[in-house]
Amino acid sequence: MIFALCLVDFHHVRGPEVQWWKSNYHADYNLHGKLFKNLSFQALPDGSHLFEETFSNFNLVYDFANAVSLDDQLDFEQFTGNPNHLETLFGCSCVRQVKTTDLSSEELERNKDITRSIVQKAVVVISRKQPIFTKIKEKLSIITHSYFQQTNFTNTELLEKLFDNLNGTFKLIEEEPMLKQQIPEEITLLENKKNEKEDEFFVNLNLRSILSNYKSSILIILKALLLEQRVLVYSNNNLELLTQFQNNLIALIPDLHHHLDLSGCPLSDYTEKHSPLTRPTSLKTNDRRSMVRFFGLPLHVFNTKGSFWNPYLPLQQFDELHSESFMVGCSNLLILNQASQHKINVVVNLDSCQLSYPTGKPEALLLSHYDKRFIQSLLHSSSNEDAFEGSDDYIRYQFEDYIRSLLATTRFYQYMERFKSPPPGFDVNANKHYGNLKAFNDSFVDAWFKTKNFKIWDSLCDDFIFNFHDPLHIAIGSKETTQSAFGNFFANFNKQQQPTLVERANEYFLHSKKPQKFIPKEEQATEVKDESHSLGSTKKFTWGWGALKS
């Protein structure tokens with residue numbers, strides 16, 4: 001999973017350059033001098049000299065078939081190979097600097113060409129499949145600090161040990177063949193371990209603070225991503241927040257962090273690589289990943305041709321802003337000042353905590369009444385710093401519920417449009433909100449239906465997900481009072497003794513055999529493989545993995 005570890009130095013004449021390199025895939029960095037041409041600029045971002053220590057995250061594109069990198073818009077335009085061989089790599093760097101006067105006389109003697117008042121270097125980890133920054137931030141900081149405390153910068157023993165440690169910690173493992181060899185009890189244990197390991201991605205997030213600072217703007221940005229618009233995130237005062245803010249947005253879309261290996265390249269396309277797209281034919285209600293797939297998640301907002309994500313875009317890659325849609329971070333004011341020329345839809349200025357719309361704010365990004373109510377309930381819950389309700393995990397789960405409510409409402413609406421009657425077990429006269437997409441803003445829904453990520457979702461999602469999640473806006477029924485709406489929901493959850501997920505699954509597949517089932521193209525057989533006899537206690541969420549850990 002570890003592609004490479006390297007050391008980037010800022011040379012007073014040549015500028016930033018890779019000083020040391022070790023890789024599991026590309027042994028010689030300097031061969032032909034064409035590998036990751038912008039790596040040093042990404043690892044030492046603009047403005048990093050203002051901080052004693054800071055961090056940078058960025059994406060790279062690598063062609064595993066030809067062992068070459070694609071580094072800018074010109075490379076993308078001239079590429080003639082198979083885009084299915086392109087893979088996004090995830091770089092994270094810890095940048096530190098030290099005053100030249102603090103260096104030992106021996107080090108100054110070894111580096112007589114040092115003329116600047118500071119020495120600046122970055123230790124960079126490059127990984128495959130998914131970002132690992134949140135998991136290794138503390139370790140990377142400690143190693144970088146220790147490296148700077150050495151009296152000899154040419155001693156890379158610490159970096160060698162870090163490389164070996166990371167290789168032992170992060171490995172690419174094919175899970176499915178392993179699971180097939182296990183008995184049911186062992187499968188359950190392995191699935192629980194996978195769910196616990198997944199939570200590691202969400203360490204070092206700060207959703208509570210970001211929600212407090214940006215309030216309803218968070219939902220606007222999320223909707224802009226779902227609409228595949230051009231989003232620019234800017235900060236020159238806090239480079240670490242530049243990364244953290246985008247990681248928070250990624251965390252709001254369920255399971256997206258597991259599907260980012262195509263996200264950094266506008267030539268990559270999920271449909272082309274995974275064609276034909278098929279819907280799940282089984283469901284394991286004790287496995288979060290199985291339930292996520294059943295709902296057609298994640299929404300592939302970056303994994304389609306013409307779209308990409310790069311947490312930090314240096315000035316050298318400025319021409320990539322010609323792509324159809326993206327989310328990029330930058331710390332250079334020149335890029336920010338040309339936002340309107342590149343038709344940026346949404347600019348998030350982290351230094352001022354403000355959103356701007358260089359091309360005008362479209363109706364599709366206006367929040368509905370229920371959208372605003374949803375955010376208000378979250379803001380109220382986040383005021384309690386000691387309770388689980390209002391914590392980062394709680395906020396993340398509520399946004400997951402928001403997205404699932406959008407998806408379930410969409411499927412219900414599609415069913416009603418096709419059969420002109422509600423599905424079995426639903427009374428639209430008793431609850432007029434079932435299938436009401438207007439609650440999410442008509443303009444937003446119409447625009448979302450035209451996106452590439454919607455078409456992928458429509459091909460992957462089961463037709464009857466509204467049997468597992470109420471097909472209405474998550475905020476409908478919440479009270480517009482100072483009391484938390486979600487607190488009311490969870491408080492009433494146990495009192496009403498709602499059916500368990502297993503019971504919902506059995507009921508769903510019972511209905512699926514009836515002729516009313518909505519199937520757009522051809523009949524597909526669906527069966528349930530429920531590996532668990534009990535879902536256990538779920539005090540906080542209707543899905544088992546949302547419960548508090550004991």
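Trainee: How many bridges join E8 to strand E9, and do these strands run parallel or antiparallel?
Mentor: 4 bridges join E8 to E9 (residues 325–330), and the two run parallel. Strands here are DSSP runs of at least two residues and helices (H or I) of at least four, numbered from the N terminus. This is a predicted model, where local features need pLDDT of at least 70, side-chain atom pairs need 80 or more, and totals for chains, interfaces and linings use all residues. Residues are numbered from 1 along each chain as its sequence is written, and side-chain values use heavy atoms, without hydrogens and water.

Trainee: What stands opposite valine 328 in E9?
Mentor: Asparagine 310.

Trainee: In what order do the strands of that sheet come?
Mentor: E8-E9-E7-E10-E11, an open sheet of 5 strands with mixed pairing. Strand E8 (307–310) and strand E11 (354–356) are the edges, each pairing on one side only. Two strands pair if DSSP finds at least two bridges between them. Neighbouring strands are turned by 15° on average, direction ignored.

Trainee: Which strands are at the edges of the 6-stranded sheet?
Mentor: Strand E2 (15–23) and strand E4 (68–70). The order is E2-E1-E6-E5-E3-E4, with antiparallel pairing in an open sheet. The twist averages 30° from one strand to the next.

Trainee: How many bridges join E3 to strand E5?
Mentor: 11, and E3 runs antiparallel to E5 (residues 86–99).

Trainee: Which strands does helix H4 lie across?
Mentor: H4 (residues 133–149) lies across E1 (2–11), E3, E5 and E6 (118–127). Contact means heavy atoms within 4.5 Å. H4 runs at about 40° to E5. Axes are lines fitted to C-alpha atoms, for helices over the stretch in contact, and angles run from 0 to 180 degrees between N-to-C directions.

Trainee: New topic. How many cavities of 30 Å³ or more are there?
Mentor: 5. A cavity is a set of points on a 1 Å grid over the protein atoms alone where a 1.4 Å probe fits but cannot get out, and lining residues have an atom within 4 Å of a point. Volume is the space filled by probe spheres on points joined across faces, edges and corners.

Trainee: Why does the largest cavity lie between domain 1 and domain 2?
Mentor: Because domain 1 (2–169) and domain 2 (203–480) both give residues to its lining. Those bounds come from an automatic or database assignment.

Trainee: Which residues line the largest cavity?
Mentor: Among them are Asn59, Leu60, Val61, Gly264, Asn310 and Glu320. Strand E3 (residues 53–63) gives the largest share, 3 residues.

Notes. On a 1 Å grid over the protein atoms alone, a cavity is a set of points where a 1.4 Å probe fits but cannot get out, and a pocket is an open set with protein on both sides within 12 Å along at least five of seven lines; lining residues have an atom within 4 Å of a point.
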